[in-house]
Amino acid sequence: MSNLILILGDQLTTAISALENADKERDRIVMAEVHDEASYTNHHKKKLVLLFSAMRHFARRLEADGWRVHYQTYHPDNESQSLEAVIANQLKETGADRVTTTECGEWRLHEQVSQWHGRLGAQVEIRPDTRFIASKQGFSDWAEGRKQLRMEFFYREMRRKTGLLMTPDGKPEGGEWNFDADNRRKWTGKPPAPAPFRVEPDEVTREVIDLVEAHFTDHFGTTEDFHFAVTHEDAEQALEYFIDFALPCFGDFQDAMSDDEDWLFHSILSPYINCGLLDPLAVCEAAAQAWYSGRAPINAVEGFIRQILGWREFVRGIYWLHMPEYAQENRLGNTRSLPWFYWTGDTKMRCMHKAIDATRRNAYAHHIQRLMVTGNFALLAGVKPEEICDWYLAVYADAYDWVELPNVLGMVMHADGGYLGSKPYAASGKYIQRMSDHCSNCHYKVNKATEEDACPFNALYWHFINRHRDDFANNPRMGMMYRNWDKQKPERREALLRRADDLLAHLEQL
């Protein structure tokens, strides 16, 4: 009995469950670059290059290891435009009667694959994705009966489960579970930020760059200066580079932003973890070892591990617990369209321009740029959740629906009514000034709120607070904001709301 083994573009590891107990002599691995997956959203050109090149390198590795691999390279005129069509043709060509794959990371594709057995007339086995520390069922069991799901408590369970940064007697290393309070320093240029890890494109990657430039000309971003790793070996080098040169300062400056540095001390490992080139648990273990060997401080190591072991696992659990209904949430009733400058970066707001421009060039921006700049603005402006979610899914090399949707819809937009986060991450320009040097180079003045040249974040913040009083006034974490709003003189409040109304009426001109 022959078997087709489908490996997706975010499953690029020999440790994937679809390959367990597979037979190199009898089974055939199927990988495909197809129009439907490359074009269902406006994927960043660098993301397409990363995935197509990494897929091609992985297919070569499998063949070198003795596997039989059917690989479809992309062309707009391919007979098979979808994964289902590729599998249907392979079933016909090989006479195989069984398809094995690992569960998809996106509900959209998961629903399609779940229906294949009826449409293709073959047995389709969908195996769990064992690369995650918490299984779907495990997360569901943890969530059952809880009125609120909070990442911090889930994270502690994951620490206990894995033993990461735990003492032999079951206590957290350093005496605290969370060192986030130590991770909020503004970066003023010292210590100098390391150059980003680079891999020069090889022949395979250069061919993919040419392909993307030829067939995806209208997609967001650029292929220029592509330097992502596209093999397991190079991704491992990227991990080592981060631990040696950036992790020691990552904790202190992980929330900082700079006019002059795109990367600062961030790892840029999420694209590799999310597509399978790096194992998330191994990455966490490597970071923990840096703490034990004295190569990095506890606040840096714990903060880094929390992003992977905590947030990454948590949002995946939320996604599969509540899809597909979760994607329709809009508890704040937002109706405004996403401003066009999210695609162009053409705005006089310095922080927005820098974050969007870095995203356009790099297919990457770090979590504070995503949450407290582009995300914060969308929240304050009342952008439709589905539009800002679609943007995040398109523009980042590490974005997949399971991780992007809960982070944006729940954490950024608070569209789930506080299910994922206990308070909205709304902030005025003061936060951006505190964590960056953007404001000193901005057309707008962060110390003004009602004037024509005042920072738009300031009036929009108070407009958000005012219009959502019924949603947040009873939130204990928001009480101080409403007391501050009520203390302001009536004429001041009116001026702030007038300024905000004018901004909202002319968003495209900001």
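How much space lies in the largest cavity? About 380 Å³; the tour ends there.

Before selecting anything, note that this is a predicted model, in which local features need pLDDT of at least 70, side-chain atom pairs count only at pLDDT 80 or more, and totals for chains, interfaces and linings use all residues. Residues are numbered from 1 along each chain as its sequence is written, and side-chain values use heavy atoms, with hydrogens and water left out.

Start by colouring residues 4–127 as domain 1, 136–322 as domain 2 and 340–509 as domain 3; these bounds come from an automatic or database domain assignment.

Next, show domain 1 with domain 3, whose C-alpha centres lie 39 Å apart. Their contact (heavy atoms within 4.5 Å) involves 12 residues of domain 1 and 16 residues of domain 3. Together the two domains bury about 1100 Å², 55% of it on carbon and sulfur atoms; buried area is the accessible area (1.4 Å probe) that two parts lose on being put together, summed over both.

Now select His 44, Lys 47 and Glu 106 in domain 1, which lose the most area to domain 3 and make up 45% of what that side buries.

Finally, turn to the cavities, of which there are 6 of 30 Å³ or more. On a 1 Å grid over the protein atoms alone, a cavity is a set of points where a 1.4 Å probe fits but cannot get out; lining residues have an atom within 4 Å of a point. Grid points are joined across faces, edges and corners, and a volume is the space filled by probe spheres set on the points. For the largest cavity, select Gly 9, Asp 10, Glu 37, Leu 51 and Tyr 400, the closest to its centre of the 22 residues that line it.

Key: On a 1 Å grid over the protein atoms alone, a cavity is a set of points where a 1.4 Å probe fits but cannot get out, and a pocket is an open set with protein on both sides within 12 Å along at least five of seven lines; lining residues have an atom within 4 Å of a point.
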